[in-house]
Amino acid sequence: MTTPNEFDPDLLSQLADQRTSRRRFMTRGAMLLGGLAISPTILAACGSSKSSTSTNDAGPATTEAVADMASLKGTTVSMFNWPLYIENDDATTSPTIKSFTDQTGIKVSYQSNIDGNDSFTTKYEPDLSKGNGIGADLIVLTSWEAAQYVEKGWVEPWPTAYFPNMSNVVDGQANPEWDANRTHSIPWAMGQTGIAYWPSKCGGTLDDANAIFDPKFKGKVTILDEMRDSVGLTMLAMGNDPSTGGLDQENAAVAKIAAARDAGQFRKITGNGYTEDLQLGDTWICMAWSGDIASLKLGNPDLADKIEFYIPTQGGMTFVDNAMIPVGAKNPHGAAAFMNHVYDPAVAGPLYEAINYVSPVKGAVDYMSDAAKKSIYINPAVDSKLYEFRLLPPAEDQELNRAFTAATQQ
Amino acid sequence: MAAPTIDPAPEILARSKDQPAILGHGGPPLWLRKLGNWTLTVVALGALAYLFVPIVVVVIYSFNKPLGKYNYVWHQFSLEAWTDPFKYPELKDALLLSLKVACVVTIISVVLGTLIALAMVKYRFKAKGAMGTILILPLTMPEVVMGFSLLTWFVALSWSRGFFTIIIAQVMFCISYVATTVRARIRGFNWSLEEAALDLGAKPWRVFRRVTFPLILPGILAAALLTFALSLDDFIITYLNSGLQQTFPVEIWTLKKSRVPTQINVFATTILVISVVMALLGVWIGFRREKKVRQVNP
Amino acid sequence: MADVDETGTKPNRWHTPYLLLLPGLVALIVFFVIPLFSIAQLSVKDGGLGNYSKVLTDNSTVILRTFKFSALATIGALLIGFPLAYFIAMRGGRYKNFLLALVVLPFFVTYLVRTLAWKILLYDGGPVVGILHSLHLLPESQGLLGTDYAVIFSLMYNYLPFMVLPIYVSLEKLDRRLLEAASDLYASPQRAFRKVTLRMSLPGIFAGTLLTFIPATGDFVNAELLGSDKQVMIGNIIEKNFGKDFFRPELSALSFMLMALILAGVLIYAKVLGTEDLA
């Protein structure tokens, strides 16, 4: 039925003979490229001028005193988020969204289509830098990426009249250095990176970060391909502080990872896929994200007491995924209204209990069940040491990224 | 390059059709030859089985109800995925997008590719060799290189990735497939039919519509079907040049981190069945046309 | 076997072929040829040709591994594909088209889903691993996923039809009477096979080899789904890092190198076919 591409012997022999014509053709192409090289610079120039104005005329006036909720009835808020950040990982059955729509008449179009900070930025950079909308009123990105968006003026400030509950944000997250007083962002979820393991296979209870490097578990360990998590935990294992560290300590951690990998310590270096092997017991111990382990245990009751998760005594890593309004959003007021709804402790409690992540909303814990209050995923002990990786300037970000990639992708 | 045109006696021709290609004069004894033949059959059928096993697995696992979110291990038989195929709206939307993209890409590629094929077959001109080179390159280039280079170009132009960039990316390699397929089909045609029509006073456009087009139509249809299938299935080039909207394969890829639902197998099986039915239909129609032609021209 | 050309030689119609070519050609130039120049330009950004030696040394493991995998997959495809093509062409008889359709049929299932099926088949605790364990071909503690074998095996699978079809086309053109003639000239069956069949199928074998080897070197799907970080191929490096802006010069260098090697292969193929008198 289908004809495969049939190689034409005549054509190819002509190909071999006509070297001169090809060369001529290539020079013509080079000239064309030269001409076309000019156009991107013109386009880029147009783009950059637009983005610098967008920080000044940031959509709705932020000085509105009163929220006009009535005018928002019937509108839609479009949100891009990560997987597993809404109840049941299914927006159509989410009580949070349903209660929001019932109360305000605003519909929510929710998509779990963010699967990486870098890939998200790659897709939307052209539109964002030109100030064009990307089809979303709310996006959620991890702190280091969010910081760049704020700096580049790719996000709009909150219309504070619509978001009074913003003041409910937990103290520790109220004023990060990259977004003073949270004018442009607000945390959606906070997770922890710790260690998950099978006590039965690892010979008992563990609490040390160095367990990852223990030769006893050679070949049965997995670490994460997320640089800040793997390097961060390794720094903690080496007795360093990832939130202040410095390039030397960070490179030392990368070197330690590379050495362990060469020695065959790691079964795999993965992204989210690590739960598969952990579930099957092929992995005995691994770096893990709190939310994944929580869902794993809930989804597989027979594994619930066979797999444990801990924040090492040296400390664990924490990450914060932040919601923001991207430039060109069509419904920034609705977006703020939705975040306002989420930041109501009565709503936040059940939501974060369902998704098994730490809530950034003060008082949300009071609205959770007793079981949730005891859960280290949702309500970690106040004294557990959790560190956010230090904010890297671009040059150091690149260097560390390169080093980590070289250590883990060869 | 053409086979020698000596015509042997009909009996010899008839004999060589029935007997195995290798006739014996000396060489190994019969039992060894029979063993060789048997081994060949086993290897060949084994290769076919090798090709088929995964397809069978795909179909079977569309009836699986996995324990977790990944449809990798058989757990229990269930028709759930078949009764609720659109459970995941992102999959349904992705499939619709794939179909839309495939239609647009097919139309554009067939038009552009057929024009190129016509030019290459009917005319002799100076740039023919260079054109041939350009045509062959997309067929011999790894998709990741094509996709990535196009991405860097889009980034340089500051074009946002979306529907149009997907179309452009796919058309780029489909043009070559169309041009090569149509060209192969229409080579050796008797173009003097066109000349005859022109001599009889028909205008060029009429000649094209009534003479040329019907002649090349089978080739075009074959190329169109091929392009549609290629577009639907394309992953690497599309993935590197997608934006918000994701085609079916791209959606599977990004979704696989969180889940691999049975619905994917349902969609794949459905596409398989529809394609097979269409192919069979095409063959059947071909047979009937041939019968008709043979009735007229015995 | 040159293409017909009578109609084009009329003086007032010289422009017709160019007009016909124009839309497609412009599209190809703007969106295919120029992007290739674009990555060439990007690959020498901030470092010139030195970028290439840096990229080569940094990624030497991955590059060598990619070619090893592709070569093994191609050889495997040839060893399986040639007998299959031979069987269909020579023994297929009435069922030739049906068998060919069977070869092409797997392609009607999306590439990703086909490869996921191998993940199901090769899963630890699945049937294949179970059989290998009981036959002691595989140590009990080891599985197949995350090994070189799984990736090579799956690469071989996905590109097998690309090997079979060109060989089939070559073999199908083979005139039986040539074999008859060979046997009449007292050639043994092996000799006839070597001197006639094999030689006549060489263009198909070359085409199949190229069509298998080239896409395999750029593949990342098989390595990602069935391999671990120890099976990373060039395509995976590109896929994992194409989002990072500062990485693109390196990735461009990698892509360009891959492309150059492929072009060299295609040219060699053209030379071989251009000068030899193979049907």
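1. The structure is a predicted model, in which local features need pLDDT of at least 70, side-chain atom pairs count only at pLDDT 80 or more, and totals for chains, interfaces and linings use all residues. Residues are numbered from 1 along each chain as its sequence is written, while chains are lettered from A and ligands numbered from 1 in the order in which they are written.

2. Where pLDDT is low, the predicted coordinates should not be read in detail.

3. Chain B holds 12 helices and 0 strands, where helices (H or I, at least four residues) and strands (E, at least two) are DSSP runs, numbered from the N terminus. Of the contacts in chain B with a separation of 6 or more, 78% join residues 24 or more positions apart; two residues are in contact if their C-beta atoms, placed from the backbone, lie within 7 Å.

4. Buried residues make up 44% of the 298 residues in chain B, a residue being buried if 20 or more other C-beta atoms lie within 10 Å of its own, exposed if 12 or fewer, and partly exposed in between. In α11(B), 8 of the 8 residues are buried, and among them are W253(B) and E251(B).

5. Between chains B and C, 77 residues of chain B are in contact with 83 residues of chain C. On the chain B side, α2(B) supplies the largest share, 14 residues. That side divides into 60 nonpolar, 12 polar and 5 charged residues, where Ala, Val, Leu, Ile, Met, Phe, Trp, Tyr, Cys and Pro count as nonpolar, Asp, Glu, Lys and Arg as charged, and the others, Gly among them, as polar.

6. A nonpolar core is a set of buried Ala, Val, Leu, Ile, Met, Phe, Trp, Tyr and Cys residues joined through C-beta atoms within 7 Å. The largest one has 166 residues, and M172(B), A85(C) and Y168(C) have the most contacts inside it. Helix α7 (residues 148-173) of chain C gives the most to this core, with 17 residues. A second, separate core of 103 residues includes L141(A) and I212(A).
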